[in-house]
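Work through the exercises below with the model in view. Try each task before you read its solution.

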Amino acid sequence: GARLWEMLMNTTLIKELADVAKDAALIHGVVMRIKETPNSSELVTYAPFTLFPSPVPKAVFHQALAVQTHFNLLVDKISQDSGFLEEALASTIAVDDFTRRLFDIYRSVLKEGRSQSIVLGLNRSDYMLDQREDGTSSLKQIEINTIAASFGGLASRTPDVHRSVNQHIRSTQRLCGRFSLGDEIEHIFWGTFGINWNCYSWSTPCHSRAVVMFLVEEGQRNIFDHRYVENELWKRKIPTIRRRFQDVCKTGSLDQDKRLFVDGQEVAVVYFRDGYMPQNYISEQSWDVRLLMERSLAVKCPDISTHLAGTKKVQQELARPGVLERFFPDQPQVVEQIRATFAGLYTLDMGPEGDKTVAMALATPDNFVLKPQREGGGNNIYGSEICQVLEGVKESTERTAYILMDLIHPSPVHNYLLRRDASLQVSKCLSELGVFGAYVRQGKDMVMNECVGHLLRTKSSEHSDGGVAAGVAVLDNPLLV
């Protein structure tokens with residue numbers, strides 16, 4: 001309360017704590033390359049983060065962790081249901097070229113028959129706390145990221161940074177509560193990649209030298225997040241390589257058994273940290289390479305069907321009455337746990353239901369967010385802009401490229417956002433809790449299904465949209481209250 005506010009306003013103390021925090025971030029490896037030279041590690045800076053951890057109610061935090069294995073199963077079940085994906089995405093692929101291109105690859109792979117029975121899923125389900133009128137709050141899912149879910153590496157290092165700050169202020173002002181440790185992220189990726197690399201090696205005689213290939217972006221500012229994963233794999237004697245689409249284009253090929261080779265090295269697992277936005281596909285060759293990898297014997301993280309299972313349109317379809325029951329026919333408790341996290345989601349398909357959604361959004365735009373089928377942050381549409389967009393497309397099928405969702409109203413808290421070259425000032429902040437899920441299926445058998453850690457990202461309440469990599473949100477830790 002008052003003492004905390006007093007501390008937030010003590011500029012001498014805050015300046016001192018910020019210096020301690022920035023140095024702690026560098027000591028603990030919470031770092032990024034600078035934006036001027038994203039492909040060189042000659043100059044690095046701390047990844048943006050909050051000076052203090054942000055309060056998260058204990059019950060809500062544990063609710064998010066508890067439902068994650070159900071979301072893993074749901075994503076995996078959707079990825080195996082071609083009828084559902086066809087039906088759910090039919091209107092989207094008619095108007096959204098990017099989703100259509102992905103879907104064409106999916107159809108090709110289905111037609112040819114899947115080469116690999118091992119499936120590796122690493123996803124992150126993102127939530128915000130919706131403050132109700134009566135003062136209570138409920139957990140609402142923003143989205144689930146089934147491809148290139150980032151910050152598992154850096155998030156495992158941020159608790160130590162906040163511990164350093166906490167130690168520094170103990171003598172003057174003790175922080176209440178305790179940090180929810182991020183240490184559980186330690187085994188997040190390493191276990192799953194290890195299982196898949198081993199499975200591949202066992203199922204492919206004499207090829208234990210196969211590698212895990214990180215498919216990476218052109219600009220690699222966030223390379224250290226990847227490096228943590230790579231280092232853990234190397235410790236387990238699992239070799240990794242990093243390649244971009246254009247590299248695979250030059251030297252990638254399949255042999256007669258559909259084994260994938262890149263630069264002469266056999267690839268056991270393709271881990272996508274790229275390929276989730278239209279601009280990642282810089283040429284037709286990029287699309288050819290995606291198809292080549294999907295057709296191959298390599299385990300894909302994610303495969304094309306799991307990528308499609310994470311689209312906004314699928315999220316909206318899942319909120320329809322009876323749809324979750326299709327995937328969990330005899331498990332009402334599971335359905336209830338998943339459904340409890342859904343915000344209101346509405347279709348913009350052509351027809352009376354979509355017309356009703358349009359009318360509702362135009363009447364009260366401030367209650368909603370309009371979402372296109374895009375990942376990577378910075379794409380959503382809010383407030384009066386919703387009216388501008390919908391007025392332009394309401395009579396045309398172009399509207400089906402979007403879904404409408406209830407706007408979630410989190411309660412802002414005050415904090416300092418530390419980022420390079422930014423002034424030190426107190427901000428009203430909103431936080432988003434991400435929960436990592438990992439699973440491995442071999443044929444029909446679920447070999448592993450776990451919740452493997454969490455991530456808290458915080459942004460100034462002036463910014464409605466965007467993540468850490470997009471330069472809007474910063475890394476944070478939950479202070480369980």
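Helices (H or I, at least four residues) and strands (E, at least two) are DSSP runs, numbered from the N terminus. The model is predicted: local features need pLDDT of at least 70 and side-chain atom pairs count only at pLDDT 80 or more, while totals for chains, interfaces and linings use all residues. Residues are numbered from 1 along each chain as its sequence is written, and side-chain values use heavy atoms, with hydrogens and water left out.

**Exercise 1**

Find which residues UniProt lists under "binding site", and describe their setting.

Solution. 
Step 1. The unreviewed UniProt entry places this feature at Glu-143, Asn-145 and Glu-375. UniProt positions are given in the numbering used here, feature names are shortened, and annotations may be inferred rather than shown by experiment.
Step 2. The three residues span 233 residues in sequence, yet no two of their C-alpha atoms are more than 9.8 Å apart, so they gather at one spot.
Step 3. Locate two of them. Glu-143 lies in strand 6 (residues 137–145). Asn-145 lies in strand 6 as well.
Step 4. Check burial. Buried means under 20% relative accessible area, exposed over 50%, partly exposed in between (1.4 Å probe, protein chains only). Glu-143, at 16%, counts as buried. Asn-145, at 10%, counts as buried too.
Step 5. List contacts (heavy atoms within 4.5 Å). Beyond four places in sequence, Glu-143 touches residues including Arg-124, Lys-312 and Glu-375.

**Exercise 2**

Solution. 
Step 1. Two strands pair if DSSP finds at least two bridges between them.
Step 2. Strand 14 (residues 345–346) joins strand 17 by 2 bridges, antiparallel. Here Tyr-346 has Leu-404 as its bridge partner.
Step 3. Strand 15 (residues 368–372) pairs with strand 17 over 5 bridges, also antiparallel. Leu-370 has Leu-404 as its bridge partner.

**Exercise 3**

Is strand 17 largely enclosed or largely open?

Solution. 
Step 1. Strand 17 covers residues 402–406.
Step 2. Of its 5 residues, 4 are buried, so the rest of the structure largely encloses strand 17.
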